Amino acid sequence: MRTRMKLLLLLLAATVCVLNAQTSNDSKQQQQQQQQLQQQQQRSIWDEPIKFSTKNKDLCTMVVSGAGNYTRLRVSCKGPSLTAGRPQSYYCDFQGKPNLCRAYNSNPRHYFTQMMWELRKLKNACQGAKIYRPQMCKKYPDEAHITFLTSWPKTSSPKPTKPVQEPRKLAVPVQPKPAATPKPVKPQSQPVKPQQGKGPQTKKTTPKPGKTTTRPTEQTDSKASRLATEYCWKSFHGICSYVISWFHN
């Protein structure tokens, strides 16, 4: 009986050991599979660059690399062979911490493909925004996004275009302000009218005293008195002279 019990205990211990070994192997396999997936995702970014073309038909590639805690991106482009006033090749560097975004850690390649959708809308891939915020990590702060660092050759053409347009917009409303200056001309025309009205009034008043001089009145009175003495009685001389002078006037 004792030997049977010992055998049973040994079998139980063996089965427990086998089960533990299987579970540990399964967990190791899962970890290995996860690591392989992560390595494949990293290889798809680090080893397989993303290619696209711009509006000017420049062929560009996006290469991702690590720089300490930061993730660095280089966009290098080559234009057509026959180009006038444009460089045949150029590149620009970006840097950021997209690993702060959870969606980036699950699918980092899709993060840069969303950035590529914005770059291919440009004529020059290095003359776009200074900070790119892909839709999958748009809610995160600027530190979690890719920001512009440098470019070659350095092109300052897009920067002055903005301030050149602003003074033109500001110069338009300045023009109607001097147009309001002829308004004080109206009050100048108003005082001219009363001066014209006062002028004829003074002219009318001045000749009146010239007309009413004492000489014609004296002549009419003398004539009236003579006629009254000739044709009227002495008692009616005053009345007759008054009536005769009234008729003469």
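These legends accompany close-up views of a predicted model of a protein chain.

**Figure 1**
The protein chain has 249 residues, and 20% of them are buried. Its secondary structure amounts to 9 helices and 6 strands. Among the contacts with a separation of 6 or more, 53% are between residues 24 or more positions apart. The accessible surface is about 19,600 Å², and carbon and sulfur atoms hold 57% of that surface. As you move on to the cysteines, keep in mind that a search of the whole structure turns up 3 disulfides.

**Figure 2. Cysteine 60 and cysteine 77 form a disulfide.**
A disulfide is a covalent bond between the sulfur atoms of two cysteines. Here the S to S distance is 2.0 Å for cysteine 60 and cysteine 77. The pair links distant parts of the chain, with cysteine 60 in strand β2 (residues 59–67) and cysteine 77 in strand β3 (residues 70–78), 17 residues apart. Is this disulfide right-handed or left-handed? The torsion about the S-S bond of cysteine 60 and cysteine 77 is about 115°, so the disulfide is right-handed. Both cysteine 60 and cysteine 77 are buried.

**Figure 3. Cysteine 92 and cysteine 126 make another disulfide.**
The sulfur atoms of cysteine 92 and cysteine 126 are 2.3 Å apart. The angle about the S-S bond of cysteine 92 and cysteine 126 is -80°, and the link is left-handed. Cysteine 92 has a relative accessible area of 0% and is buried. Cysteine 126 has 11% relative accessibility, and because buried means under 20%, cysteine 126 counts as buried.

**Figure 4. Cysteine 101 and cysteine 137 connect two loops by a disulfide.**
The sulfur atoms of cysteine 101 and cysteine 137 lie 2.0 Å apart. Cysteine 101 is in the loop between β4 and α2 (102–106), and cysteine 137 is in the loop between β5 and β6 (146–152), so the pair ties together parts that are 36 residues apart in sequence. With a torsion of about -85° about the S-S bond, the disulfide of cysteine 101 and cysteine 137 is left-handed. Cysteine 101 is buried, at 0% relative accessible area. Cysteine 137 is buried too, with a relative accessible area of 0%.

**Figure 5. Strands β1 and β2 pair across a hairpin that contains lysine 57.**
Strands β1 and β2 run antiparallel and are joined by 4 bridges. If you are tracing the pairing, isoleucine 50 has methionine 62 in β2 as its bridge partner. The hairpin of β1 and β2 has 5 residues between the strands. Most residues other than glycine have a negative phi. Lysine 57 is not a glycine, yet has a positive phi of about 65°. Lysine 57 lies in the loop between β1 (50–53) and β2. Is lysine 57 buried or exposed? Its relative accessible area is 66%, and because exposed means over 50%, lysine 57 is exposed.

**Figure 6. Strands β2 and β3 pair in the antiparallel sense.**
The pairing of β2 and β3 spans 9 bridges. Along it, threonine 61 stands opposite serine 76 in β3. Between these strands the hairpin has 2 residues, and glycine 68 takes a positive phi near 70°. This view can be read together with the disulfide of cysteine 60 and cysteine 77, as cysteine 60 is in β2 and cysteine 77 is in β3.

**Figure 7. A cis peptide bond joins tryptophan 152 and proline 153.**
Most peptide bonds are trans. For the cis bond between tryptophan 152 and proline 153, omega is about -10°. Proline 153 is found in the loop between β6 and α4 (158–174).

**Figure 8. A nonpolar patch lies on the surface.**
Which residues form the nonpolar patch? They are Trp233, Phe236, Ile239, Tyr242, Val243, Trp246 and Phe247, with about 930 Å² of accessible area together. Isoleucine 239 has a relative accessible area of 54% and is exposed.

How values were computed:
Residues are numbered from 1 along each chain as its sequence is written. This is a predicted model: local features need pLDDT of at least 70, side-chain atom pairs count only at pLDDT 80 or more; totals for chains, interfaces and linings use all residues. Side-chain values use heavy atoms; hydrogens and water are left out. Buried means under 20% relative accessible area, exposed over 50%, partly exposed in between (1.4 Å probe, protein chains only). Contact means heavy atoms within 4.5 Å. Accessible areas come from the Shrake-Rupley method with a 1.4 Å probe; for residues, only the protein chains shown count as cover. A disulfide is a pair of cysteine sulfur atoms within 2.5 Å. Two strands pair if DSSP finds at least two bridges between them. Patches are made of residues with over 30% relative accessible area and no salt bridge: like charges are joined within 9 Å, nonpolar side chains (Val, Leu, Ile, Met, Phe, Trp, Tyr) within 5 Å. A salt bridge is a side-chain nitrogen of Lys or Arg within 4 Å of a carboxyl oxygen of Asp or Glu.
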